[in-house]
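Here is a short briefing on one protein chain. Keep the sequence and the 3D view open as you read.

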Amino acid sequence: MKNLQTPEIIVMKICYALLPIFTIASIISVFLVKKKYNEKYRNIIDIITILYSFSFVHILLHTVLGATIDRYTIPSLIPTFLAIMLSIYAIVYRKKYKINNIEKSKKGE
């Protein structure tokens, strides 16, 4: 346990430091994927936004209330990790969910 304590603290600090950027980027991506991607991809982006927003607001509330950051923010670490993994999946497989021009023309007819 002692050997894993330092790497876990470093990973936690990096995730929490990047969390505001990830939250803003996920909110912006909700609006950018509206017409370019199909319903499944939009649902993935919505879930990512919800997870990042929950974690960010959770940590923000503890910061504003003056609580100790280390032990009270651990419940938001798991949703942050899930959102990061889903974000990586969404970036890697985004071409799979893209709406083709053929599908767009069929919808227009």
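H2 is followed by Gly66, which has a positive phi, near 80°. The model is predicted. The protein chain holds 5 helices and 0 strands. The notes below cover the fold, the core, and then individual helices and residues.

**Overall fold and confidence**

- From the N terminus on, the elements run α-α-α-α-α.
- The protein chain has 109 residues, and 28% of them count as buried.
- Take the contacts between residues at least 6 apart in sequence: 69% of them join residues at least 24 apart.
- The accessible surface comes to about 8000 Å². Carbon and sulfur atoms account for 70% of that surface.
- Mean pLDDT for the protein chain is 87. Residues that reach 70 or more make up 90% of the chain.
- Where is confidence lowest, and where is it highest? The lowest is in helix H5 (residues 101–108), at a mean of 54. The highest is in H4, at 94.
- Where pLDDT is low, predicted coordinates should not be read in detail.

**The largest nonpolar core**

- This core has 17 residues. Tyr16, Tyr41, Ile45, Ile48 and Ala90 touch the most other members.
- Helix H1 (2–32), helix H2 (39–65) and helix H4 (77–92) each supply at least two of the core residues.
- Which helix gives the largest share of this core? H2 does, with 7 residues.
- Ile48 touches Ser26, Ala83, Leu86, Ser87 and Ala90, not counting residues up to four places away in sequence.

**Helix H2**

- H2 has 27 residues, which should span 39 Å at 1.5 Å a residue. The end C-alpha atoms of H2 are 38 Å apart, which agrees.
- The buried residues of H2 are Tyr41, Ile44, Ile45, Ile48, Thr49, Leu51, Tyr52, Ser55, His58, Ile59 and His62.
- Asp46 counts as partly exposed because its relative accessibility is 35%, between the 20% limit for buried and the 50% limit for exposed.
- Asp46 and Ser26 are 20 residues apart along the chain. Their C-alpha atoms are separated by 8.2 Å.

**Helix H4**

- The 16 residues of H4 should span 22 Å at 1.5 Å a residue. The end C-alpha atoms of H4 are 23 Å apart, which agrees.
- Leu77, Pro79, Thr80, Ala83, Ser87 and Ala90 are buried in H4. They cover an arc of only 155° around the axis, so they sit on the same side of H4.
- An α-helix has 3.6 residues a turn, so residues three or four places apart point the same way.
- Which residues are exposed on the other side of H4? They are Ile78, Met85, Ile88 and Val92.
- What covers the buried residues of H4 includes H1 and H2.

**Thr23 in H1**

- Thr23 is found in helix H1.
- Is Thr23 buried or exposed? Thr23 counts as buried because its relative accessibility is 7%, under the 20% cut-off.
- Leaving out residues up to four places away in sequence, Thr23 touches Tyr52, Ser53 and Phe56.

**Tyr72 in H3**

- Tyr72 lies in helix H3 (residues 69–72).
- With a relative accessible area of 39%, Tyr72 is partly exposed.
- Tyr72 is in contact with His58, His62 and Ala67, leaving aside neighbours within four places in sequence.
- Tyr72 and His58 are 14 residues apart in sequence. In space they are 9.1 Å apart, C-alpha to C-alpha.

- Where is Tyr93 placed? Tyr93 is in the loop between H4 and H5.
- Tyr93 has a relative accessible area of 42%, which makes this residue partly exposed.
- Tyr93 and Tyr41 are 52 residues apart in sequence. Their C-alpha atoms are 9.4 Å apart in space.

Terms used:
Residues are numbered from 1 along each chain as its sequence is written. This is a predicted model: local features need pLDDT of at least 70, side-chain atom pairs count only at pLDDT 80 or more; totals for chains, interfaces and linings use all residues. Side-chain values use heavy atoms; hydrogens and water are left out. A nonpolar core is a set of buried Ala, Val, Leu, Ile, Met, Phe, Trp, Tyr and Cys residues joined through side-chain atoms within 4.5 Å. Buried means under 20% relative accessible area, exposed over 50%, partly exposed in between (1.4 Å probe, protein chains only). Helices (H or I, at least four residues) and strands (E, at least two) are DSSP runs, numbered from the N terminus. Contact means heavy atoms within 4.5 Å. The expected span of a helix is 1.5 Å times one less than its number of residues. The arc is that of the directions from the helix axis to the C-beta atoms. Accessible areas come from the Shrake-Rupley method with a 1.4 Å probe; for residues, only the protein chains shown count as cover. pLDDT is the predictor's confidence in each residue, from 0 to 100.
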